[in-house]
Amino acid sequence: FEVATATVEVTDGKLTVDAIGGTNTKIDYLEIAATNESPNINNAAIEIENLDGAPYSDRLVFSRYGSLTDSPSDRFHDVAELRIKNTGSDPLEIEDLTIVGPWELVDDSVSSATIAPDEALDLGVRFIADSGNLATGSLTIESNDNDDPETVVELSGFWQPDSELGEPDLFESLKLLGYTTEIIGEDQQLNQQGLVQAIGEEVLSPYWQAADPSQPIQIRQLAAYHINPSKASVFWYEKGSNEAELIFAHEGQQAQSVLPNLADSTEPAEGIIDFDGTFGFKVDSEWSNPKNNARQKDIENGAPGPAGHHVRFWPARDRQGELIADTYLMTMDYSGINYDYNDNIYLLSNIQPEPQEALYRIDAGSETPYTDTEGNVWSPDTGFFEPADIAVIEDNGPAEFANTEDDLLYQTYRARFTGSTSQEERVLSYELPLDTTEPVDIRLHFAEAFWGVEDRPGEGQRVFDVKIEDTTVMDDFDIITEATGALNAMVVQINDVRVSDGILNLDFDASANFAAINAIEVLQAID
């Protein structure tokens, strides 16, 4: 048997006793007596704040390279500060601090402390790894907060052997920071040699707007991994102008670091855009509108279509995989280097893509309208293509396609011709009437559903050029090669197409087998 005594405060007019936590528990008797003693209730309340301001209040991130003795600390972010606040009315007793992983307290004499109400303690934590690349750990704060006696802070750091050696790629950087955005989809590659193609959850938008025009856009640099020492500058520019205005530049000595500082400052590399119009970004010489970027190196490196895609955007997802409202990740890569898009990484808040009016959404090979998962209606391509008498509908039946939630949009396509198959007659053409003289943006949707499926050969079986207004925009295009496999959806965007005669002409000219197109979007151009 066991006897226990407790002094409790009854606030609802009923004393409740539960046998929770036991097995076959039997209560033999209760003695209940009133007391004039005040119940021993502690009103201390712990609250923590990451003084870096990113990525989360309960997650500190770090980076360093080289040995613990040879590398100067001002070249990376190896120390972070956590503010422990007491928002209660009683003193907050910090009873113990426990670190798991390659970290230490900057002041190792601090293992306990008393924080008065409305006061705070700033705790420095240092990353001390000297091997191992990505490291994770924790700092546990034990206190007399009744509701939160153990407060756990996530610790995440990246160690590299030396500057520009073994630096984190884009995926490791986001894992370090705690973002779960899908950068690439199934069987996709980040390196597309600058091709203007959306992968993963990427958003193709050269221009942006404030989600709440009454509030400024916030921009914070999360990481810099480029030539050291050299600063990178980020600008914004109004749509229609090439005059870019500096937002900030990061410290040149921290060109290989997570969370770099402002140039010549100890403050974080962050700033705002206070503008209620439509704007684009520029990072050093690279623009968010790919047509403003140097593209020759992309073409020489093998980009099969519209190039210059050096600044990219993805919606930000938190550690639980939830979208963070009106928040995007902006990554960039300097022209023609290695297309790893980790050179500079930024977090953009209170922002949304510039909306575009759709002039056409065409589901090639379909005979009925299709409403996609975002509520957009796609029309059949009847009456828009030639040769109408021999270009047949291809439909491989129900199939699951990677990198899309709209399988039905990719299930049908326009491809094979019946009758004559001479090379001269393997040109599939679309003529789309336009009642505007303004430029348009075109998105072409592809997914190979025949070659590379059911033991059929893949690469090289379907190769074609794409011409728009009699200009070749995609040369020797092979869907399987560029989509990295069959049954993988992909989207290629061609910007700023000008039509002078009121008819938009698209030609798909095959050099191997037949060309194929799944869907076509024509949008009012973002100029």
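# Briefing on strands, salt bridges and surface patches

Glu431 has its place in strand β29, which covers residues 427-433. The model that contains this residue is predicted, and its chain has a secondary structure of four helices and 35 strands. Taken along the principal axes, the C-alpha atoms of the chain fill a box of roughly 100 × 60 × 50 Å, and of the 527 residues in the chain, 50% are buried.

**The five-stranded open sheet**

- Strand β29 belongs to an open sheet of five strands, whose order is β26-β29-β34-β31-β32 and whose pairing is antiparallel.
- The edges of this sheet are formed by β26 (385-386) and β32 (471-477), each of which pairs on one side only.
- Inside the order, strand β31 (residues 463-468) is paired with strand β34 (residues 503-512) in the antiparallel sense over six bridges, and in this pairing Val463 stands opposite Ala512 of β34.
- As a general point, the strands of a sheet pair through backbone hydrogen bonds, in either a parallel or an antiparallel sense.

**Strand β25 and its two partners**

- Strand β25 (residues 377-380) pairs with strand β23 (residues 358-363) in the parallel sense over two bridges, and here Ile362 is found opposite Ser379 of β25.
- Strand β24 (residues 370-371) is also joined to β25 by two bridges, but these two strands run antiparallel, with Tyr370 standing opposite Trp378 of β25.
- β24 and β25 make up a hairpin with five residues between the strands, and in this hairpin Gly375 takes a positive phi near 90°.

**Strand β4 and its two partners**

- Strand β4 (residues 92-100) pairs in the antiparallel sense with strand β6 (residues 113-115) over three bridges, where Leu92 stands opposite Ile115 of β6.
- The pairing of β4 with strand β8 (residues 134-143) is likewise antiparallel and extends over six bridges, with Thr98 placed opposite Thr140 of β8.

**Salt bridges**

- A search of the whole structure finds 19 salt bridges, among them one between Glu47 and Lys85, whose closest N and O atoms are 3.1 Å apart.
- This pair links distant parts of the chain, as Glu47 is in strand β1 and Lys85 in strand β3 (residues 79-86), 38 residues apart.
- Both partners count as partly exposed, Glu47 because its relative accessible area is 36% and Lys85 because its relative accessibility is 23%.
- Asp58 forms a salt bridge with Arg319, the closest N and O atoms being separated by 2.9 Å.
- Arg59 is buried because its relative accessible area is 9%, which is under the 20% limit, whereas Glu154, with a relative accessible area of 29%, is partly exposed.
- Asp58, Arg59, Glu154 and Arg319 are linked with one another in a network of salt bridges.

**Ala316 in strand β19**

- Ala316 lies in strand β19 (residues 311-317) and counts as buried because its relative accessibility is 0%.
- Between the C-alpha atoms of Ala316 and Leu348 the separation is 8.9 Å, and these two residues are 32 residues apart along the chain.

Technical notes: Residues are numbered from 1 along each chain as its sequence is written. This is a predicted model: local features need pLDDT of at least 70, side-chain atom pairs count only at pLDDT 80 or more; totals for chains, interfaces and linings use all residues. Side-chain values use heavy atoms; hydrogens and water are left out. Two strands pair if DSSP finds at least two bridges between them. Buried means under 20% relative accessible area, exposed over 50%, partly exposed in between (1.4 Å probe, protein chains only). A salt bridge is a side-chain nitrogen of Lys or Arg within 4 Å of a carboxyl oxygen of Asp or Glu.
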